[in-house]
Amino acid sequence: MSEASNTGSHGPLHQFEIQSLIDLPLIGVNKNIDISFTNSSLLMVVAVIAITVFLAGGMRRGALVPSRWQSIAELSYEFVAGTLKDIVEASGRKYFPFVFSLFMFILFCNLLGMFPYSFTVTSHIAVTFALAAVIFVGVTAIGFIKHGFRYFKLFLPAGVPVLLAPVFIPIEIFSYFTRPVSLSIRLAANMMAGHVLLKVIAGFIVAMGIAGVLPLLFTVILVGFEVFVAILQAYIFMVLTCVYLNDAIHLH
Amino acid sequence: MNNAEESQLKELEKRITKARKKNSFKIEEKQDLGLTRISVELVSGVLLGAFLGFHIDKWLDTSPIFFIICFFFGVAAGILNIYKLASKTTEGSSVDKNIKEKK
């Protein structure tokens, strides 16, 4: 911790620093892969434990008339199930476990990042891109398994003249490959921008003395807004996953 | 007695469907919060094109041919994505409706 204070621990970007908590030996062929247990890993583990406690604890009784806790757990289930049903319809039901765990993981990572002194896992492109890449590869595999080579029709929309096809197909392929990129950048950029803004505004409170009441008020509003963004971004990530799934299942 | 119960049940059913409609409407409204999505879409297209082109060039030692080609395809893909997004949100006002129309 003393090491951190030497390098400006109050900077707005300090909160995104990866710190190794348990050092583990490097692995890999060239001994260049660091698998140390970091604060990022810790928060992910906390998120998974929190989700398990939240859902298992809520459904422990399984009462017909739910308690408050149980009804929140049921609400989250029904919310995801409803969204999936709206977008992918009945054929999307078997992907529900994946979509649900994805939504809950991102939601809890986003919300846990709102605690002071914690760490926002989803503000790192490495994490969000890994999630997006899993979705991208999975959706592409589902598309090819369901439709075989007809899946390539996705790259040539109906009604395009044959002359334009050599231009259109690369653009469509690029557009297809931007999916994981935009998916991961959207989540990471939103989380990072919010937290940096929060820290910068909070920095003004002490610096402005008595007038610091104004940035303090603004920070209070921003915290509320950040919680909203955390939920909204998890929701958007899930919705886009559903839309991509729908594209792969219902080829048009 | 029985009749009264039935009418009560019907009343409840009406209220449930009403509440469900309200809920789904809320979800659709939120989806149209697309301003940040458009900017991200454009940026990611350009980034992907530049990244791919740069690495193909590095691999084949053909700098800067593929960088330029992929860059422009990336920009075009970004604009195409925005076009798709925009036509989706203005035409049907909800993803749900749009999907049903396409089928």
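This report describes the aromatic pairs and the cysteines of a predicted model.

## Aromatic pairs

Over all chains, the structure contains 19 aromatic pairs. One of them joins Phe79(A) and Tyr235(A), whose ring centres are 5.4 Å apart; the planes stand at 35°, so this pair is classed as tilted. Phe79(A) belongs to helix 3 (residues 68-88) of chain A, and Tyr235(A) to helix 7 (residues 213-249) of chain A, so the contact ties together parts separated by 156 residues in sequence. Phe79(A) is partly exposed, at 26% relative accessibility, whereas Tyr235(A) is buried, with a relative accessible area of 4%.

A stacked pair is formed by Phe96(A) and Phe100(A), with 5.4 Å from centre to centre and 20° between the planes. Both residues lie in helix 4 (residues 96-112) of chain A, where they are four residues apart, about one turn of the helix. Phe96(A) and Phe100(A) are both buried.

## Aromatic cluster

Ring pairs also link a set of residues into a cluster. Its members are Phe136(A), Phe144(A), Phe149(A), Tyr151(A), Phe152(A), Phe155(A), Tyr176(A) and Phe177(A).

## Cysteines and disulfides

A disulfide is a covalent bond between the sulfur atoms of two cysteines. The count of disulfides over all chains is zero. For Cys109(A), the closest cysteine sulfur is that of Cys242(A), at 18 Å, which is too far for a bond; the cut-off is 2.5 Å. Conversely, the closest cysteine sulfur to that of Cys242(A) is in Cys109(A).

Cys109(A) is buried, with a relative accessible area of 2%. Cys242(A) also counts as buried, at 0% relative accessibility.

Definitions and conventions: Residues are numbered from 1 along each chain as its sequence is written. Chains are lettered from A and ligands numbered from 1 in the order in which they are written. This is a predicted model: local features need pLDDT of at least 70, side-chain atom pairs count only at pLDDT 80 or more; totals for chains, interfaces and linings use all residues. Side-chain values use heavy atoms; hydrogens and water are left out. Rings of Phe, Tyr and Trp (its six-membered ring) pair if their centres lie within 6.5 Å; planes under 30 degrees apart count as stacked, over 60 as edge-to-face and the rest as tilted. Helices (H or I, at least four residues) and strands (E, at least two) are DSSP runs, numbered from the N terminus. Buried means under 20% relative accessible area, exposed over 50%, partly exposed in between (1.4 Å probe, protein chains only).
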